[in-house]
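Here are some exercises to work through with the sequence and the 3D view side by side. Try each task yourself before you read its solution.

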Amino acid sequence: MAPNQVAGEILSFFTRNNFTISDRGEVITFEGTMVPSRGQAALLTFCTCISLGSVGLVLSIAVPEGGNNWFWLMTLSPLAGVYYWTKASRKEEIKVKMILSDDGNVSEILVRGDDVQVEQMRKELKFSEKGMIYVKGIFET
């Protein structure tokens with residue numbers, strides 16, 4: 001592929017995912033803020049509620065003097081969601097470097113950053129890791 005086309009696809013991918021270019025040069029640096037997800041907060045709250053319910057069940061059997069009052073521990077589960085929501089926001093920085101071959105085409109793209117974002121870029125732009133061959137999964141169309 002032509003370097004301009006590859007660079008345009010990479011730029012398009014990162015701008016769609018709310019990243020901005022913070023540094024240009026031989027290595028391009030993209031910066032973005034990862035925001036908390038409502039779904040993950042809800043899942044974390046639910047799992048914590050189930051876990052505290054299990055703890056309450058064990059404590060009601062192990063310490064019968066407390067009776068069913070141990071199940072009131074489940075009311076603390078929303079604190080897990082609140083903690084996640086306040087701490088989950090973070091700045092991400094991804095560095096991309098394109099290496100050109102002698103004929104002017106892109107031979108390698110070096111990407112350093114968050115594993116999830118790099119993997120998502122690799123899948124969406126259909127890049128393969130160096131020395132690897134892409135094999136379609138059974139659920140891919």
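**Exercise 1: a bridge partner and its hairpin**

Task: Find which residue in strand 2 is the bridge partner of Asp 23, and describe how strand 1 and strand 2 pair.

Solution. Keep in mind that you are looking at a predicted model.
- Step 1: Start at Asp 23 and look across to strand 2, where its bridge partner is Thr 29.
- Step 2: Now take in both strands. Strand 1 covers residues 19-23 and strand 2 covers residues 28-34. Their pairing is antiparallel and runs over four bridges.
- Step 3: Look at what joins them. The two strands make a hairpin with four residues between them. In that turn sits Gly 25, whose phi is positive, at about 155 degrees.

**Exercise 2: the largest nonpolar core**

Task: Work out which residues of the largest nonpolar core touch the most other members, and which element gives the most residues to this core.

Solution.
- Step 1: The core has 13 residues, and the ones touching the most other members are Ile 10, Phe 14 and Met 121.
- Step 2: Next, see where the core comes from. Helix 1 (3-16), strand 2 and strand 3 (90-100) are the elements that each give two or more residues. Helix 1 gives the most, with four.
- Step 3: Zoom in on Ile 10. Setting aside neighbours within four places in sequence, Ile 10 has contacts with Phe 30, Val 96, Met 98, Ile 109, Met 121, Leu 125 and Phe 127.

**Exercise 3: salt bridges**

Task: Say how many salt bridges the whole structure holds, then examine the pairs formed by Arg 16, Glu 119 and Glu 93.

Solution.
- Step 1: A search of the whole structure gives five salt bridges. As background, side chains of opposite charge can pair when their charged atoms come close.
- Step 2: Arg 16 pairs with Glu 124, with 2.2 Å between the closest N and O atoms. Arg 16 belongs to helix 1 and Glu 124 to helix 4 (residues 115-124), so this pair ties together parts that lie 108 residues apart in sequence. Arg 16 is partly exposed, because its relative accessibility is 48%. Glu 124 is partly exposed too, at 38%.
- Step 3: Glu 119 pairs with Arg 122, and here the closest N and O atoms are 2.4 Å apart. Both residues are in helix 4, and because they are three residues apart, about one helical turn separates them. Glu 119 is partly exposed, with 31% relative accessible area. For Arg 122 the value is 18%, so this residue counts as buried; the cut-off for buried is under 20%.
- Step 4: Glu 93 pairs with Lys 95, with the closest N and O atoms 3.8 Å apart. This still counts, because the limit for a salt bridge is within 4 Å. Glu 93 is partly exposed at 40%, and Lys 95 is partly exposed at 33%.

**Exercise 4: along helix 2**

Task: Decide for Phe 46, Gly 56 and Ser 60 whether each is buried or exposed, and list what Gly 56 and Ser 60 touch.

Solution.
- Step 1: Phe 46 lies in helix 2 (residues 38-62). Its relative accessibility is 51%, so Phe 46 counts as exposed, since exposed means over 50%. Together with Leu 43 and Ile 50, Phe 46 forms a nonpolar surface patch with about 320 Å² of accessible area.
- Step 2: Gly 56 is also placed in helix 2. At 0% relative accessibility, Gly 56 is buried. Apart from neighbours within four places in sequence, Gly 56 contacts Trp 70 and Phe 71. Its C-alpha is 9.9 Å from that of Gly 66, a residue ten places away in sequence.
- Step 3: Ser 60, in helix 2, is buried as well, with 16% relative accessible area. Not counting residues up to four places away in sequence, Ser 60 touches Gly 67, Trp 70 and Phe 71.

**Exercise 5: contacts of Ala 80**

Task: Find which residues are in contact with Ala 80, leaving aside its neighbours within four places in sequence.

Solution.
- Step 1: Locate Ala 80 in helix 3 (residues 78-87).
- Step 2: Leaving those sequence neighbours aside, the contacts of Ala 80 are Leu 44 and Thr 48.
- Step 3: Compare with Ser 128, which is 48 residues away along the chain: the two C-alpha atoms are 38 Å apart.

Methods:
Residues numbered from 1 in each chain as written. Predicted model: local features only at pLDDT ≥ 70, side-chain atom pairs only at ≥ 80, totals over all residues. Heavy atoms only, no water. Patch = residues over 30% accessible without salt bridge, like charges linked within 9 Å, V, L, I, M, F, W, Y side chains within 5 Å. Areas by Shrake-Rupley, 256 points an atom, 1.4 Å probe, with all protein chains shown as cover. Salt bridge = Lys/Arg side-chain N within 4 Å of Asp/Glu carboxyl O. Buried < 20%, exposed > 50% of the residue type's maximum accessible area, 1.4 Å probe, protein only. Pairing = 2+ DSSP bridges. Core = buried A, V, L, I, M, F, W, Y, C linked by side-chain atoms within 4.5 Å. Contact = heavy atoms within 4.5 Å.
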